[in-house]
Protein chains: 2
Amino acid sequence: MIELSERQKVILSLVVHEYVRTANPVGSKNLVRQYHLDYSSATVRNEMAALTEAQYLSQPHTSAGRVPTEKGYRFFVSGLIQMRELPEETRRMIEHQFSQAQQGMDGWIKLAASILADQANAISVVSAPLPNRTTVKYISLISITNKQILMILVLAGGQMQQRFLFVSEVTTQTQLNEIADTLNRLFEGRNSEEIRILSRHLPDMGSAAEEIIRTLLSTLYDTDARQTGEVYTEGINKVLAEPEFSDSEEARRTLRFLEEKPLLQDFLSRTTREQKVGGVQVFFGGDGLLKDIANCSLVVARYGMQGIATGTIGVLGPMRMAYSKNIPTVRFLAGILSDLVADSGL
Amino acid sequence: MIELSERQKVILSLVVHEYVRTANPVGSKNLVRQYHLDYSSATVRNEMAALTEAQYLSQPHTSAGRVPTEKGYRFFVSGLIQMRELPEETRRMIEHQFSQAQQGMDGWIKLAASILADQANAISVVSAPLPNRTTVKYISLISITNKQILMILVLAGGQMQQRFLFVSEVTTQTQLNEIADTLNRLFEGRNSEEIRILSRHLPDMGSAAEEIIRTLLSTLYDTDARQTGEVYTEGINKVLAEPEFSDSEEARRTLRFLEEKPLLQDFLSRTTREQKVGGVQVFFGGDGLLKDIANCSLVVARYGMQGIATGTIGVLGPMRMAYSKNIPTVRFLAGILSDLVADSGL
DNA sequence: GTTAGCACTCAGAGCTTTAGAGTGCTAACG
DNA sequence: CGTTAGCACTCTAAAGCTCTGAGTGCTAAC
């Protein structure tokens, strides 16, 4: 593959930019007029022909303008992924909203989702931070009735799980407090595997405690298996306005993808697992796990504390999305969430 | 207004039924053929003219079939709201899914939302159970760092809230356990108002405890103000397949309504507040709070324990929805959730 | 290497035509 | 008098048609 000339790079970027803006195939004459290029439309036509040849652009039909291909977008994005800061003003505004938010990981995540959907005018997708293998932070046991217990589990990364369980033995809140104290001493900071081994050599604490540990383990296994916490989504209505979703079949496929939480979680956890915190990645729909969302793309970053607890934040929209705005926005929000995870010390 | 004749009622019901099935204006000839009526299309035409006169039906244009008006739907639904059981088989199937579900209010609610969306092929909307004024069930305090605390609040109805707080005084987990014990003894079963008064005459427990109580109260106020817990929604993709949503502007309005959580919560809590648990109501879009979702309707029921903690479960779809299936489904699921709320004893 | 000029292409907007489903009315029927 | 067959009339939606204009590739001149 031959290198692109400087001028070709410029023209390719401008085509992408213009297409993102208008959603219409971009013609040579128009491009020259819009951007006051100091060469003529015929020259642009020649370069466009070359870019089309090299698969960066394509033509919907012979006598139409050019549309970027996936390869074209990739080129465009690769120039964007490193640099670009969000304008000071926007950063201030976002930070302000976080400073006013109610405390708690859940609230922050929802706020981030809401801000991102708003800024990007597309669908935001945010998953709660979770370590590869969950560790227990705190166990709380609450007596509901004589033989019924509510177990609340605080996990690393600020995630919570609640389970009801029934025990055969009557247990009082005082007894539960004791059990909880013991378990907290033993299990704090441990993961499912460690707890499984530890619990084998435990002094007998009665059948209730056994039942509690069993439930605890099954909850941890569940969480480990999911690998990604709750996924929040917002801004679906925004993206319906885009022309690529005016075909409702297209829109349905995308929404089904979003509502298939396991699929989405799988994708988020798998594809970004090795990714360093802070780095923004762009995925293009069409093949692999994203085959259902052809001509969409996904800008994601991992946030949190590397090796401790990480989640993902991203924006899903038509492939023709405003990368130059969305990439810095995602990066900035990932940074904020990372700070919050670190500060909350979970 | 004159009463409808028996035959008119039959015809009206059939028109609604047929229109729900096909989404096309219903013509006289077709109706006779489909349902083997023992009178002719001319007779049906006459009756239809009368029903149109009386505003139960309308014509998109002079030479088209009839479409039910909102009044027509109301009539149809009024005959359905009381009776009709879900088929034994479906009930078994649903019960089975619940029996296999993981424990915990959150999980049940999501399961209910998922089943309902699936059964109705429309959008399900389920809100968590919450009393008019929340009462505290259990307070758990977890030391994160020296001066940072995670407060977990279990509220009546099984809802949980988490907050982070910073205190100026160094506090250990042991101290926190003591404070939590005291607060639990004092505040269990109390609502925000009672706690506010109680906390005035409290023995001094140090500045950390004060800060904790302040956060506790503000969380309770927040929750009271919202009046409805988290709202889960599922099945958006299903409804996009309906012809009334092929116009993306229409679809957007509906989705915006759904994503405006405060609006939705407000509607759910306000309009069904007085409603007895178990009764199914049908709301038609177009005016009042539902003005944004013209030609949609909402079948809802309240579930939970009257006066203790109630939530809502419902299905939102095109006004042309399968009421005869959806109404019993909503009623049945509301029943199951009510049982679960009762059993979990919160 | 660049550019003006030109013949050619083709999607989409706008218009016309047509088919058929549905109506209301009238007159005949039991 | 309610019911029904028959008929002229209405009106949408689909199909076919034309025409415009943006865009192209190529050639020849600069």
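Predicted model: local features only at pLDDT ≥ 70, side-chain atom pairs only at ≥ 80, totals over all residues.
Which residues does A:Asn326 touch, not counting residues up to four places away in sequence?

A:Asn326 sits in helix H13 of chain A, which covers residues 323-344. With a relative accessible area of 2%, A:Asn326 is buried, because that value falls under the 20% cut-off. Its partners, once residues up to four places away are set aside, are A:Ala120, A:Val299, A:Val315 and A:Met321.

A:Ile313 belongs to strand E10 of chain A, residues 309-318. Here the relative accessible area is 0%, so A:Ile313 counts as buried. For a sense of how the chain folds back, look at A:Pro129: it is 184 residues from A:Ile313 in sequence, yet their C-alpha atoms are 9.8 Å apart in space.

Now step back to chain A as a whole. Its secondary structure comes to 13 helices and 10 strands. The radius of gyration of chain A is 25 Å, well over the 20 Å that the globule rule gives for 346 residues, so the chain is more spread out than a compact globule. Along the principal axes, the C-alpha atoms of chain A fill a box of roughly 85 × 40 × 35 Å. Of the 346 residues of chain A, 54% count as buried. Among the contacts in chain A with a separation of 6 or more, 62% are between residues 24 or more positions apart. The accessible surface of chain A comes to about 15100 Å², and carbon and sulfur atoms account for 49% of that.

Let us turn next to two helices of chain A, H1 (residues 6-22) and H2 (residues 28-35). Their axes come within 11 Å and cross at roughly 90°. That angle makes H1(A) roughly perpendicular to H2(A). On the H1(A) side, the contact is made by A:Ile11, A:Leu14, A:Val15, A:His17, A:Glu18 and A:Arg21, while H2(A) brings A:Leu31, A:Gln34 and A:Tyr35. Sorted by class, this contact has 5 nonpolar, 2 polar and 2 charged residues.

The loop between H1 and H2 of chain A holds A:Ala23. Its phi is near 70°, a positive value in a residue other than glycine. That deserves a second look, because most residues other than glycine have a negative phi. A:Ala23 is partly exposed, with a relative accessible area of 22%.

B:Gln55 lies in the loop between helix H3 (41-53) and strand E1 (57-58) of chain B. At 52% relative accessibility, B:Gln55 counts as exposed.

Our last stop is back in chain A, at A:Asp292, in the loop between strand E8 (280-284) and strand E9 (296-305). Its relative accessibility is 30%, so A:Asp292 counts as partly exposed. A:Asp292 and A:Arg256 are 36 residues apart along the chain, and their C-alpha atoms are separated by 8.7 Å.

Notes:
Residues numbered from 1 in each chain as written. Chains lettered and ligands numbered in written order. Heavy atoms only, no water. Axes fitted to C-alpha atoms, helices over the stretch in contact; angles between N-to-C directions. Helix = DSSP H or I, 4+ residues; strand = E, 2+ residues; numbered from the N terminus. Parallel < 35°, antiparallel > 145°, perpendicular 65-115°, else oblique. Contact = heavy atoms within 4.5 Å. Nonpolar A, V, L, I, M, F, W, Y, C, P; charged D, E, K, R; others polar. Rg over C-alpha atoms; globule rule 2.2 N^0.38 Å. Buried < 20%, exposed > 50% of the residue type's maximum accessible area, 1.4 Å probe, protein only. Areas by Shrake-Rupley, 256 points an atom, 1.4 Å probe, with all protein chains shown as cover.
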